[in-house]
Amino acid sequence: MDKLKGLKKNKGFSTLEIMIAMVILILAIGATLMVSTGNQSILVDSQTNSEALGLTQKTLEYEQSIARKDFKLVNSTTTFETIGPITYKKEIIVETAPDFFTKKITAKVSWTGTYGRNPSISLTSLVTNFENAVGGNTCDSNLVGD
């Protein structure tokens, strides 16, 4: 009789243990899936960042080469370039120094990232017009005023 009382007390305990084990198993599988998909998005973001950095360097080097040929043609511009499924926005921001013979060039590349993020990379360089630094022409190719 005492054995029957003990069995009645522990009757639902095995079912509860099985349910807890199932919950732990489901949580472990879910966490594993989240980590594996997160790693894939990190790899894709890393590759995209590398492409954007190369594009930024190429854009800045192009502007520096223009400055060596004709300093007046270094101006602010915005263009778009598509590599694979991603469209990059390339911005060249040019600031002229007060001496009119030095320009600060900032090349900025931005794109639409995963999860609604808008990452960007920018590099900056100074270029100088050595040929006309002494008594040179201070005209600019950007029209300003009336």
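Among contacts in the protein chain between residues at least 6 apart in sequence, 48% join residues at least 24 apart, a contact being heavy atoms within 4.5 Å. The structure is a predicted model, in which local features need pLDDT of at least 70 and side-chain atom pairs count only at pLDDT 80 or more, while totals for chains, interfaces and linings use all residues. Residues are numbered from 1 along each chain as its sequence is written, and side-chain values use heavy atoms, with hydrogens and water left out.

**Overall architecture**

- The protein chain contains two helices and four strands; these are DSSP runs numbered from the N terminus, helices being H or I of at least four residues and strands E of at least two.
- Along the sequence, these elements follow the pattern α-α-β-β-β-β.
- Of the 146 residues in the protein chain, 23% count as buried; buried means under 20% relative accessible area, exposed over 50%, and partly exposed in between, with a 1.4 Å probe and protein chains only.

**The sheet**

- Four strands form an open sheet in the order β1-β2-β3-β4, with antiparallel pairing; two strands pair if DSSP finds at least two bridges between them.
- Strands β1 (77-83) and β4 stand at the edges with a single partner strand each, so one side of each is left without a neighbour in the sheet.
- Neighbouring strands of this sheet are turned by 20° against each other on average, direction ignored; the axes are lines fitted to C-alpha atoms, for helices over the stretch in contact, and angles run from 0 to 180 degrees between N-to-C directions.
- In general, strands of a sheet pair through backbone hydrogen bonds, either parallel or antiparallel.

**Strand pairs and hairpins**

- β1 and β2 run antiparallel and are joined by seven bridges, and T79 stands opposite K90 in β2.
- The hairpin of β1 and β2 has two residues between the strands, and G84 takes a positive phi near 65° there.
- Eight bridges connect β2 to β3, again in antiparallel fashion, with K89 opposite S110 in β3.
- The hairpin of β2 and β3 has five residues between the strands, and in this hairpin F100 adopts a positive phi near 65°.
- β3 (residues 102-110) pairs with β4 in the antiparallel sense over nine bridges, and the bridge partner of K103 in β4 is V127.

- E91 belongs to strand β2 (residues 86-96) and is buried, with a relative accessible area of 18%.
- Not counting residues up to four places away in sequence, E91 touches T77, T78, T106, A107 and K108.
- The C-alpha atoms of E91 and F80 are separated by 8.6 Å, the two residues being eleven apart along the chain.
- T87 also lies in strand β2, but T87 is partly exposed, with a relative accessible area of 41%.
- Not counting residues up to four places away in sequence, T87 touches F80, E81, T82, S110 and W111.
- T87 and T112 are 25 residues apart in sequence and 7.8 Å apart in space, C-alpha to C-alpha.
- T59, in helix α2, is buried with a relative accessible area of 9%.
- The residues touched by T59, not counting those up to four places away in sequence, are K90, I92 and A107.

**The largest pocket**

- The largest pocket has a volume of about 240 Å³, and the closest to its centre among the 14 residues that line this pocket are A67, R68, F71, T128 and N129.
- On a 1 Å grid over the protein atoms alone, a pocket is an open set of points where a 1.4 Å probe fits, with protein on both sides within 12 Å along at least five of seven lines, and lining residues have an atom within 4 Å of a point.
- Grid points are joined across faces, edges and corners, and a volume is the space filled by probe spheres set on the points.
- α2 (13-69) and β4 (120-128) each supply at least two residues of this lining, and α2 gives the largest share, four residues.
- By class, the lining of the largest pocket has five nonpolar, four polar and five charged residues; Ala, Val, Leu, Ile, Met, Phe, Trp, Tyr, Cys and Pro count as nonpolar, Asp, Glu, Lys and Arg as charged, and the others, Gly among them, as polar.
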